[in-house]
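This report describes selected local features of one protein model. Please consult the sequence and the structure shown below while reading.

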Amino acid sequence: MASLEPRPLRFGVVAPITTDLATWRDHLLGLADSGYSTILMPDVPQWHPAPGPALAVAATLTDLRVGTWVYASPVRPPWSTAWEAHSLSVLTNGRFEMGIGTGRPGIADQLRDLGLPVAPVSERAGQVREAVMALRELDGPDLHTPVVMAVGGPKAQAVAAELADTVTFVMPQTETRTETAQRIQQFDNRRDVELALHVPVIGDSVAPFMAGPDTDTAAVRAADSLAFLPADPPAAAEEIRRRREEHGFSYFVFGADVAGPLAPVVAELAGR
């Protein structure tokens, strides 16, 4: 079910700590008045600092929202994920949103390397559900931490249809626009939740932690994939408007490396 009125556009930035801390802090400060709404942190153990502490620091630097993009549910017990998320929501005065999914491809090998249990794929949507339900219990009646779910298969989609505030679809980077449109139409959005779009490729740039370094940008572009946006600001703005009108996406997530060049577009579309 689509909204009768288009949702306001908002924009998030996946900003992992890939440089020295001073440079990372300066980058976040530069985002503060640029039109972006949310600073996001990936959850990839051992590649960079854990998302919870990093977001706690980020929240002290700006007044922007902060969030995970996204917690990998198999990495920690559901209650532990919920406790951290609830704590971040409390400590940021409600500026935290919990992004959560079943983990990126290859996570089973990573879990084995870390000595963690590997839950069958069939159980991972259930882990997400447990984490969200625990979060709702911890939040109680006076707090509602927004939940963004990254979903692929039918089990994850069913959990999101019931519990999520925002949904982002996990899809092949070369999935065509038509195929993505079919995916959206098949999603049971009777609650009219917000739809978010993960955009890892801007022009010839591939965002770290949002897509693999071997991503074929030409193939993504040739597929007319929604994982791609043109680097030209006016063309990007036109395409963002089109995706909201035609598909219902209103929350767009980019990598930190393109946040600056796209800032004028974001400020215009976000009404800054």
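Apart from neighbours within four places in sequence, Val-170 is in contact with Ala-150, Val-151, Gly-152 and Arg-183, contact meaning heavy atoms within 4.5 Å. Val-170 belongs to the loop between strand 7 (166–169) and helix 7 (177–186); helices (H or I, at least four residues) and strands (E, at least two) are DSSP runs, numbered from the N terminus. Although Val-170 and Val-151 are 19 residues apart along the chain, a distance of 5.5 Å separates their C-alpha atoms.

The model is predicted, so local features need pLDDT of at least 70 and side-chain atom pairs count only at pLDDT 80 or more, while totals for chains, interfaces and linings use all residues. Residues are numbered from 1 along each chain as its sequence is written, and side-chain values use heavy atoms, with hydrogens and water left out.

Strand 6 (residues 147–151) is largely enclosed by the rest of the structure, because 5 of its 5 residues are buried, that is, under 20% relative accessible area (1.4 Å probe, protein chains only). Val-147, Met-149 and Val-151 point one way from the strand, whereas Val-148 and Ala-150 point the other way.

Strands count as paired if DSSP finds at least two bridges between them. Strand 5 (residues 96–101) runs parallel to strand 6 and is joined to it by 3 bridges, with Met-98 standing opposite Val-147.

## Packing of helices 5 and 6

Helix 5 (residues 121–139) and helix 6 (residues 154–163) pack at an angle of about 15°, with their axes 8 Å apart. The axes are lines fitted to C-alpha atoms over the stretch in contact, and angles run from 0 to 180 degrees between N-to-C directions. The two helices are therefore roughly parallel to each other, a term for angles under 35 degrees.

Helix 5 contributes Ser-122, Ala-125, Arg-129, Val-132, Met-133 and Arg-136 to the contact, and helix 6 contributes Lys-155, Ala-156, Val-159, Glu-162 and Leu-163. These residues divide into 6 nonpolar, 1 polar and 4 charged. Nonpolar covers Ala, Val, Leu, Ile, Met, Phe, Trp, Tyr, Cys and Pro, charged covers Asp, Glu, Lys and Arg, and polar covers the others, Gly among them.

## His-247 in helix 9

His-247 lies in helix 9 (residues 233–247) and counts as buried because its relative accessibility is 12%. Beyond neighbours within four places in sequence, His-247 is in contact with Arg-177, Ala-181, Ile-184, Leu-195, Leu-226 and Arg-242.

Definitions and conventions
Parallel < 35°, antiparallel > 145°, perpendicular 65-115°, else oblique. Buried < 20%, exposed > 50% of the residue type's maximum accessible area, 1.4 Å probe, protein only.
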